[in-house]
Amino acid sequence: MIKRALAFLFVTAISMATLFAQPPQSPARDQYVPIDQLPPSEQMPSAPFVVAAYSAVWIIAMLYLFSIWRRIGKVEEDMQVLARRQKDAAR
Amino acid sequence: MKKAFLPLLVVATLMFAYAPVMIAQAKFESTMFLLQKIMYFHVPSWFAMFTAIGISALGGIWFIFKNDKRGDWYAVAAAEVAVMFGVMGLTTGPLWAYKAWGVAWQWDAKLTIAFLLELTFIAYLLLRKYGGPGSDKLSAGVALFGLATVPFVYYAVNLWRTIHPANTVVPSLQPGMREAFWFSVFAFLLLMSLLIWQRARLERMRSTLDELYVAEDD
Amino acid sequence: MPSFFKVALLVLRKDFDIEVRSYEILSTTIFFAVSCVLIFSFAFVKDGEAINAAMVPAGVLWIAVAFAGLLALGRVFERERYGETLRALLLAPAPRPAIYVGKLLGVILVLFATELLLVPMIAFIFHAPLLRWALPLTGLLVTGTIGFAAVGTLFAAMLVRSRAREVMLPILLYPITIPVLIGGVWGTAALLGEEPAVPVAMMWTGLLASFDVVFVTLALWTFEPLMTE
């Protein structure tokens with residue numbers, strides 16, 4: 001019984017604390033003002049370009065590294081085939 | 001020597017992972033704000049490409065004057081890596097330009113010569129692939145002429161009126177941007193070295209394989 | 001007797017299957033086409049402006065030089081290759097770079113003769129006052145031709161024994177010599193514009209001359225080791 005009361009008090013206290021812990025807010029906007037055109041600096045946001053540029057660099061580097069890895073794998077495979085053939089021939 | 005590769009790869013990966021942190025902390029530029037931060041990948045790409053071209057030309061010279069096959073391995077490896085970094089530079093540039101200048105591309109002096117440089121080394125790779133015997137020596141000549149073009153790319157802004165930012169931007173970088181920039185340059189050059197190393201290793205393996213085939217026929 | 005079209009399709013199918021393994025013809029052709037478009041664009045478009053009247057005769061002149069030059073260069077070592085006298089030439093007790101210079105002079109003279117015909121023809125067809133500016137134009141043509149021929153002769157020599165020789169020459173040559181062509185076109189266009197600007201043409205001539213020095217030096221340096229076949 002006491003446990004339940006304590007739990008209830010605890011939850012209430014936490015809620016009150018969060019309510020009062022809000023940062024001071026500017027007076028609420030009472031009107032949204034529409035504009036027809038974005039100001040020039042906002043018309044084409046930069047972030048997609050920056051992200052695209054960085055992704056491009058990563059992707060290109062990864063693709064190239066992968067292509068090297070695949071080609072090395074092929075040469076190693078050929079070497080193994082050759083080694084096997086020579087072993088068979090030597091027998 | 002081979003054992004150094006994996007730790008260096010880890011270092012390079014970590015540098016690339018950390019680079020966005022440094023770049024995000026760098027100061028904004030006063031006219032282009034966030035967009036200017038493409039510079040931290042764009043300029044180092046071109047630095048890496050020019051360096052790779054230098055390595056390719058040097059490798060080619062070593063090959064044709066000393067008749068040492070190893071020079072040719074590094075020549076072709078560096079040329080391929082140079083083309084790759086060129087693709088990076090030619091991708092990041094127009095992405096930046098589209099927002100900054102309104103057009104993704106313009107045929108001004110610097111961009112034109114840079115594009116021609118990329119074409120020269122694509123031609124290098126085409127020659128290696130389809131040229132048949134003797135194309136290893138000829139490609140050394142191509143790389144050398146390509147190297148002769150590099151100063152023109154760099155100094156084009158001084159010789160002609162061009163829309164591209166001037167060379168003075170890099171030496172005059174303020175402390176807030178300088179660290180991130182040179183960190184990126186170092187990361188890109190490290191990546192370039194690792195890629196050339198591995199690609200040259202592929203050439204060495206192919207050479208060994210050829211010798212094995214020849215030995216088998218005997 | 002199999003039908004006409006069936007045979008045609010079989011031939012196509014065979015070539016297609018071979019091509020798909022290496023994409024040799026496709027990639028070299030596409031690259032060459034891109035180079036051509038670039039040459040035309042540099043000859044006619046400057047800094048994003050539309051085609052202006054002075055650029056057209058200048059562009060046509062230098063494009064004609066570029067393509068005629070390609071033909072001349074393709075043939076410069078033809079007789080040696082056909083007669084298999086290349087080895088004899090290389091065994092001769094003469095400094096190798098001298099062979100290069102001799103061939104280079106031959107190509108340059110052929111191109112000069114061609115230009116002697118081209119300039120009046122273009123001046124006539126395009127109503128361009130090229131002949132009025134004969135002196136600065138000669139300077140441009142001399143320096144530009146030497147630069148183009150210097151690189152071309154070296155590459156033609158190297159490609160003598162190469163397969164896919166004919167397509168490799170323009171593919172290798174054009175990216176490196178397009179700056180020479182651009183310099184020639186813009187220098188010539190400066191002479192033909194509304195206000196002819198001889199100093200601008202002289203500036204381009206000077207730039208072409210510096211290209212010449214670099215290219216000829218590099219070619220002389222690398223000819224010897226590259227020609228040890």
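User: How many helices and strands does chain C have?
Analyst: This is a predicted model, in which local features need pLDDT of at least 70 and side-chain atom pairs count only at pLDDT 80 or more, while totals for chains, interfaces and linings use all residues. Residues are numbered from 1 along each chain as its sequence is written, chains are lettered from A and ligands numbered from 1 in the order written, and side-chain values use heavy atoms, without hydrogens or water. Helices (H or I, at least four residues) and strands (E, at least two) are DSSP runs numbered from the N terminus, and along the sequence chain C reads α-α-α-α-α-α-α-α-α. The count for chain C is 9 helices and 0 strands.

User: How far apart are the end C-alpha atoms of helix H9 of chain C?
Analyst: The expected span of a helix is 1.5 Å times one less than its number of residues. H9(C) covers residues 198-226, so its 29 residues should span 42 Å, and the model agrees, with the end C-alpha atoms apart by 40 Å.

User: On which residue is the kink in H9(C) centred?
Analyst: The bend at a residue is the angle between axes fitted to the seven residues ending there and the seven starting there. In H9(C) the kink is about 25°, centred on C:Leu220.

User: Which helix of chain A gives the most to the side that touches chain B?
Analyst: Contact here means heavy atoms within 4.5 Å, and this one takes 27 residues from chain A and 33 residues from chain B. Across the interface the rule finds 2 salt bridges, a salt bridge being a side-chain nitrogen of Lys or Arg within 4 Å of a carboxyl oxygen of Asp or Glu. A:Arg71 pairs in this way with B:Glu80, the closest N and O atoms being 2.8 Å apart. On the chain A side, 23 residues come from the helix at residues 47-90, H3.

User: How much area do chain B and chain C bury between them, and how much of it lies on carbon and sulfur atoms?
Analyst: Buried area is the accessible area (1.4 Å probe) that two parts lose on being put together, summed over both. Here 28 residues of chain B are in contact with 38 residues of chain C. The buried area is about 3,200 Å², and the part on carbon and sulfur atoms is 80%.

User: Which residues of chain B lose the most area to chain C?
Analyst: Chain B and chain C bury about 3,200 Å² between them. Three residues together account for 25% of what the chain B side buries: B:Trp107, B:Tyr130 and B:Phe145.

User: Which helix of chain B gives the largest share of the side that touches chain C?
Analyst: Between chain B and chain C the count is 0 salt bridges. Helices H2 (39-66), H4 (109-130) and H5 (135-159) of chain B each give two or more residues to this side. The largest share, 12 residues, belongs to H4(B).

User: With which residue does B:Glu203 form a salt bridge?
Analyst: An α-helix has 3.6 residues a turn, so residues three or four places apart point the same way. The closest N and O atoms are 3.3 Å apart, and the partner is B:Arg206.
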